[in-house]
Amino acid sequence: MSATASAGSVAPAVAPAEPVLVVENLRIHNDLDDTELVHGVGFRLPRGGVVGIVGESGSGKSLTCRAVLGLLPPLLEVSGGSVSLLGRDTAGFTPKEWTALRGASIAAVFQDPASYLTPSVKVGKQLQQVLRVRGALNRADARRRAIDLFDAVHLREPERVYEQYAHELSGGMLQRVLIAIAISLEPDVLIADEATTALDATVQAEILDLLVELRERLGLALVVVSHDLAVVAQLCDEVLVMRDGSVVEQGPTSRILHDPQEEYTRLLVAEHEEFGLERYLGPTAPARSDAQEFDYV
Amino acid sequence: MSEPVLDIDGLGVHFGRRARRQALSGATLRVAPGEAVGIIGESGAGKSTLARAVLGLAPVSAGTVRVLGRDVARLSRRERREFGRSGLVQYVFQDPLRSLDPDRTVEAAVAEPLQLQGELSRAEIAEAVRRQFLAVELDESLLGRFSAQLSGGQRQRVAIARALVAGPRLLILDEPVSALDSANRVRILRLLQRLRATTDVTLLFISHDLGSVAGITDRTIVLYRGRIVEDGPTAQVVTAPEHPYTRLLVGSAPTLRSGPVDGTERARLRAELLVP
């Protein structure tokens with residue numbers, strides 16, 4: 001598969017042992033009413049690693065992501081701590097520097113893929129434009145590469161999808177298109193913020209499978225954000241449980257699942273054990289015992 | 001055996017011009033009083049069509065749907081109105097903001113089914129509404145609010161209170177917890193569990209996600225492309241699914257047990273489903 005080869009051949013910009021993303025004691029402040037919304041979030045994401053953030057709406061998980069992307073809404077600002085991407089502190093980045101970084105080093109997919117695509121332009125064209133403008137490819141090469149990328153995210157009949165409009169595609173297909181666009185400039189970090197929440201259960205699993213595959217194949221590091229502890233637990237080496245802007249609990253996934261220290265985390269686990277399939281399949285199994293030895297790449 | 005609450009036999013539903021699009025075919029299903037049944041399937045599988053048929057709102061092209069002994073597809077207009085007013089079948093939607101009238105207080109919304117029944121005095125209705133409010137763990141002080149002034153979890157509890165206040169025999173819940181965060185989800189599921197323990201109301205849970213309601217159903221039905229492909233005790237459907245789609249569903253549900261994702265089995269099942 002040509003997409004695999006070309007996408008996989010990207011040379012690491014930093015030494016493999018060095019984390020690609022480091023967030024330290026991040027605080028986010030709302031200047032409008034002078035309140036603090038996020039009270040100190042921190043994690044280190046190694047190349048090819050996966051960090052998960054679990055929390056309800058209003059917990060600060062999405063704001064954390066937006067700060068990492070340099071996309072905080074007006075009047076919100078990082079008031080403490082730091083975000084370093086590929087060893088560079090992002091504080092004081094100019095909008096131009098951010099624009100250069102987004103897409104090429106860090107990319108994101110969100111819950112509602114249709115709202116990130118232009119309804120009147122063919123989806124293939126939208127990816128082709130990214131490749132022409134940011135990837136400096138000519139028209140024909142950009143088209144070829146776009147189709148390769150659609151193939152790499154397992155869109156069946158990529159040439160046909162290229163010619164289609166957003167409204168002609170299902171939610172799962174749209175999310176694949178968005179993922180293809182997100183990885184088109186071969187970023188080091190991909191943020192998936194509730195990227196599978198609106199999808200049917202089996203389609204959600206397909207997208208999660210795809211993210212894992214991209215991680216393995218491209219060495220992509222992932223930040224997976226979800227309100228569902230189980231979604232995060234499936235993918236992540238480390239989990240942060242957030243509530244009301246604070247990290248309630250943080251640690252290796254297996255520890256969080258088997259030995260949660262905080263009442264809130266225990267509630268999340270208990271919910272699954274009481275009402276989910278765990279009730280029939282037995283409680284959280286030692287299936288993840290191998291995760292203990294996971295060596296963070 | 002007591003008379004089934006729901007007795008569906010060979011149900012077919014078609015939509016579209018000259019009824020070309022088959023939404024449901026050959027569905028046969030009996031549900032006994034007090035059962036809690038999950039109806040699971042992907043978008044377009046026919047879940048909501050089945051629910052609409054139970055309410056007498058789907059264009060039935062084959063078979064029969066009997067609800068509490070009535071052939072709901074063949075009721076006269078008057079019979080249908082009387083059946084609706086009886087409040088014996090109630091429906092709770094995924095998004096209560098859209099199913100509750102924004103211009104009426106939630107007290108008025110919950111009182112409406114009792115007013116339609118026309119059996120109680122005003123004072124009795126007010127008292128019944130208050131009691132139902134407490135039963136779904138809502139504070140009395142919220143009675144005068146409008147639905148937009150409540151949180152999502154509170155709104156869903158208002159919708160459930162409204163559905164329960166007239167003493168239904170059958171309650172259909174369409175994705176009742178999909179839009180809620182975990183604390184509210186647990187609360188609603190506990191509430192429904194308590195309801196099951198204290199009444200013999202029959203529950204139909206519609207969901208795309210086997211995992212979200214598996215814990216409170218004793219039986220699960222899986223719809224795939226308009227057909228019932230699996231019908232059995234929930235424990236059996238989860239631990240020994242037969243149809244490839246059910247196996248894919250079980251394999252797709254995120255659980256705390258699943259280790260690092262192994263997509264190979266899922267990929268195999270998907271391939272199997274593509275073969276007609």
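**View 1. Strands β6(A) and β7(A) run parallel and are joined by four bridges.** The model is predicted; local features need pLDDT of at least 70, side-chain atom pairs count only at pLDDT 80 or more, and totals for chains, interfaces and linings use all residues. Residues are numbered from 1 along each chain as its sequence is written, while chains are lettered from A and ligands numbered from 1 in the order in which they are written. Helices (H or I, at least four residues) and strands (E, at least two) are DSSP runs, numbered from the N terminus, and two strands pair if DSSP finds at least two bridges between them. V109(A) has A192(A) of β7(A) opposite it. I106(A) and A108(A) point to one side of β6(A), A107(A) and V109(A) to the other, and all are buried. A residue is buried if 20 or more other C-beta atoms lie within 10 Å of its own, exposed if 12 or fewer, and partly exposed in between, with C-beta atoms placed from the backbone.

**View 2. The open sheet of six strands in chain A has mixed pairing and the order β6-β7-β8-β3-β9-β10.** Its edge strands, β6 (106-109) and β10 (246-252) of chain A, each pair on one side only. From one strand to the next, the twist averages 15°. Helix α7 (residues 171-183) of chain A packs on this sheet, where it touches β6 and β7 (189-193) of chain A, and its direction makes about 175° with that of β6(A). For such angles, axes are lines fitted to C-alpha atoms, for helices over the stretch in contact, and angles run from 0 to 180 degrees between N-to-C directions. Two residues are in contact if their C-beta atoms, placed from the backbone, lie within 7 Å. Strand β9 (residues 238-243) of chain A pairs with β10(A) in the antiparallel sense over six bridges. E238(A) stands opposite P252(A) of β10(A).

**View 3. An open sheet of four strands in chain A has antiparallel pairing and the order β2-β1-β4-β5.** At the edges stand β2 (35-46) and β5 (88-89) of chain A; each has a single partner strand, so one side of each is left without a neighbour in the sheet. Strand β4 (residues 76-85) of chain A runs antiparallel to β5(A), and two bridges join them. S84(A) has D89(A) of β5(A) as its bridge partner. Helix α2 (residues 61-68) of chain A packs on the sheet and touches β1 (19-30), β2 and β4 of chain A, its direction making about 115° with that of β1(A).

**View 4. G124(A) is placed in helix α4 (residues 123-133) of chain A.** G124(A) counts as buried because it has 24 C-beta neighbours inside 10 Å. Not counting residues up to four places away in sequence, G124(A) touches A146(A), V161(A), Y162(A) and E163(A). L131(A) also lies in helix α4 of chain A. L131(A) counts as buried because it has 22 C-beta neighbours inside 10 Å. Leaving aside neighbours within four places in sequence, the contacts of L131(A) are L137(A), A142(A), R145(A), A146(A) and S184(A). The C-alpha atoms of G124(A) and L137(A), 13 residues apart along the chain, are separated by 15 Å.

**View 5. Chain A meets chain B through 37 residues of chain A and 33 residues of chain B.** On the side of chain A that touches chain B, the elements giving two or more residues are α8 (201-218), α9 (229-235), α11 (263-275) and α12 (278-281) of chain A. The residues of this side divide into 20 nonpolar, eight polar and nine charged. Here Ala, Val, Leu, Ile, Met, Phe, Trp, Tyr, Cys and Pro count as nonpolar, Asp, Glu, Lys and Arg as charged, and the others, Gly among them, as polar.

**View 6. Helix α4 (residues 106-117) of chain B has V106(B), E107(B), A109(B), V110(B), A111(B), P113(B) and L114(B) as its buried residues.** The buried residues of α4(B) pack against α5 (122-135) and α6 (152-164) of chain B. After α4(B) comes G118(B), whose phi is positive, near 65°.

**View 7. pLDDT stays under 50 over residues 1-12 of chain A.** pLDDT is the predictor's confidence in each residue, from 0 to 100. For residues 1-12 of chain A the model has 17 contacts beyond four places in sequence. Residues 285-297 of chain A also have a pLDDT below 50, with 21 contacts in the model beyond near neighbours in sequence. Where pLDDT is low, the predicted coordinates should not be read in detail. Chain A averages a pLDDT of 88, and 89% of the residues score at least 70.
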